[in-house]
Amino acid sequence: MVGDFDSALTERGGIEQPAQVSPYLQRRRSRTFSVDDYEKGIRRGDRVILSRAITLIESLNPQHQAVAQQVIERCLPFSGNSLRIGITGVPGVGKSTFIEAFGKYLTSLGKRIAVLAIDPSSERSRGSILGDKTRMEELSIDPHAFIRPSPSGLTLGGVARKTRETIVLCEAAGFDVIIVETVGVGQSETVVKSMVDFFLLLMLSGAGDELQGIKRGIMEMADALVINKADGDNVRPAELAKTRYQSALHLFPRMENGWNVPVTTCSAIEHTSIDKVWKIICDYEAQMKGNGFFEQNRNEQNVKIFNDWIDFSIRNYFLNNETIENMIDQLLPKIQAGVITPYQAGNEVMRAIRSVDS
Ligand code: GDP
């Protein structure tokens, strides 16, 4: 009724509007969880709580970090039960397509899988063609799969530390297989190798090693070589490449654990021979668990984590001091300009650290 309005600017009440976000979700989003809530949520496989705990791990806020460390400690006794698989290969080799096919195959076997990524450049490459494409579309909606992109804005060391901690949480959440994907550049392969049980190198046929950007050192790290895109006209070249790599591997020193590195072909897009790759990994697991190398490898990795952690903590402890930070800021340009040698500068910082600490 016209008489109901005081002015033309008054809004009519209309029907009651529904909340934009389900009240259930709203409640969850705004709620702060206690360490107990995190532990219980993760242990019952609650993906929302798992994601939030990973966000805490990735946060640079010291308070978040403190909570994250407590959550990790609570989860540690329930970790260690997954099979950790690293996957690498140059961009374009088909890593995401392979992980999608492989992941779907594993979930069809009733396995729960988590996919983590290590990409120290993820902040920079945002918006690039590769960054824009939709990755692992099917797997990302599979209720038995959990996909988490690489933490961004960190150095490789930082990404590695956070990914190791994320593995602990994913294992406590009951994932049977953890896949760690790396972009095939620089040092990230070594880092992934240091946190997985099995390291798989995806390759292409037809391109020389140089073209693929695969260094001998990376081939030496691999527990299996898989030549992807063995479909259509590429089946024969893929088989040829397989023979070529098999002979190349004969020239490599024998692995200490007694494993003969297999070479196989597959097509991620046509989902062919994905089961063969899984069989290789299962054989490896059985053999290594039988000869004690599975445990030995994990123990050695733990020693490395410990050493890295000590290095990181000591560095943080001493360098998180304004005087020292300022001193380093002033010394860096002098080193760059050649006014002072790195040793002189280093000794100066050490002297200052000792005086601060005493
Ligand atoms: P990534 O950069 O290593 O993650 O590679 P992608 O999974 O994004 O794949 C790069 C391109 O190769 C895409 O166009 C895929 O469709 C294609 N591709 C991936 N796997 C296969 C395969 O098995 N066969 C063929 N023919 N193409 C593939």
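## The main nonpolar core

In the largest nonpolar core, which has 51 residues, I42, L50, L169 and L225 touch the most other members. A nonpolar core here is a set of buried Ala, Val, Leu, Ile, Met, Phe, Trp, Tyr and Cys residues joined through side-chain atoms within 4.5 Å. Buried means under 20% relative accessible area, exposed means over 50%, and partly exposed is in between (1.4 Å probe, protein chains only). Helix α8 (residues 156-172) gives this core its largest share, eight residues. Domain 1 (30-77) and domain 2 (79-290) both contribute residues, so the core lies between them; the domain bounds come from an automatic or database domain assignment.

Not counting residues up to four places away in sequence, L50 touches I42, F146, L169, C170, A173 and F175, where contact means heavy atoms within 4.5 Å. A second, separate core has 35 residues, among them L83, L106, I113 and A268. In soluble globular proteins, nonpolar side chains tend to be buried together.

## About the model and the whole chain

This is a predicted model, in which local features need pLDDT of at least 70 and side-chain atom pairs count only at pLDDT 80 or more, while totals for chains, interfaces and linings use all residues. Residues are numbered from 1 along each chain as its sequence is written, and side-chain values use heavy atoms, with hydrogens and water left out.

The chain contains 16 helices and seven strands. These are DSSP runs numbered from the N terminus (helices: H or I, at least four residues; strands: E, at least two). Of its 358 residues, 42% count as buried. Among contacts with a separation of 6 or more, 76% join residues 24 or more positions apart. The chain exposes about 20300 Å², and carbon and sulfur atoms supply 54% of that area; accessible areas come from the Shrake-Rupley method with a 1.4 Å probe, and for residues only the protein chains shown count as cover.

## Salt bridges

How many salt bridges does the structure hold? There are twelve, each being a side-chain nitrogen of Lys or Arg within 4 Å of a carboxyl oxygen of Asp or Glu. One of them pairs K104 with D142 at 3.2 Å, N to O. This pair links distant parts of the chain, 38 residues apart: K104 is in helix α5 (residues 95-108), and D142 is in the loop between α7 (137-140) and β3 (145-148). K104 is partly exposed, because its relative accessibility is 26%, whereas D142 counts as buried at 6%.

Other bridges sit within a helix. E285 and K289 meet at 2.8 Å, N to O; they are four residues apart in helix α13 (residues 274-291), so about one helical turn separates them. K289 is partly exposed at 48% relative accessibility. Salt bridges that share partners also join D36, E39 and R74 into one network. In helix α12 (residues 235-250), E239 and K242 are three residues apart, about one turn of the helix, and the closest N and O atoms of their salt bridge are 3.9 Å apart. E239 is partly exposed, with 35% relative accessibility.

## Along helix α14

Which residues does N297 contact, leaving aside its neighbours within four places in sequence? They are V196 and D197. The C-alpha atoms of N297 and D197 are separated by 7.4 Å, although the two residues are 100 apart along the chain.

I314 is also in helix α14 (residues 293-319), and is partly exposed with a relative accessible area of 45%. Together with F306 and I310, I314 makes a nonpolar surface patch of about 280 Å². Patches are made of residues with over 30% relative accessible area and no salt bridge: like charges are joined within 9 Å, and nonpolar side chains (Val, Leu, Ile, Met, Phe, Trp, Tyr) within 5 Å.

## Two positive phi angles

Most residues other than glycine have a negative phi. K229, however, has a positive phi near 65°. K229 is in the loop between β6 (224-227) and α12 and is partly exposed at 34% relative accessibility. S273, also not a glycine, has a positive phi of about 65°. S273 is in the loop between β7 (263-265) and α13, and counts as buried because its relative accessibility is 19%.
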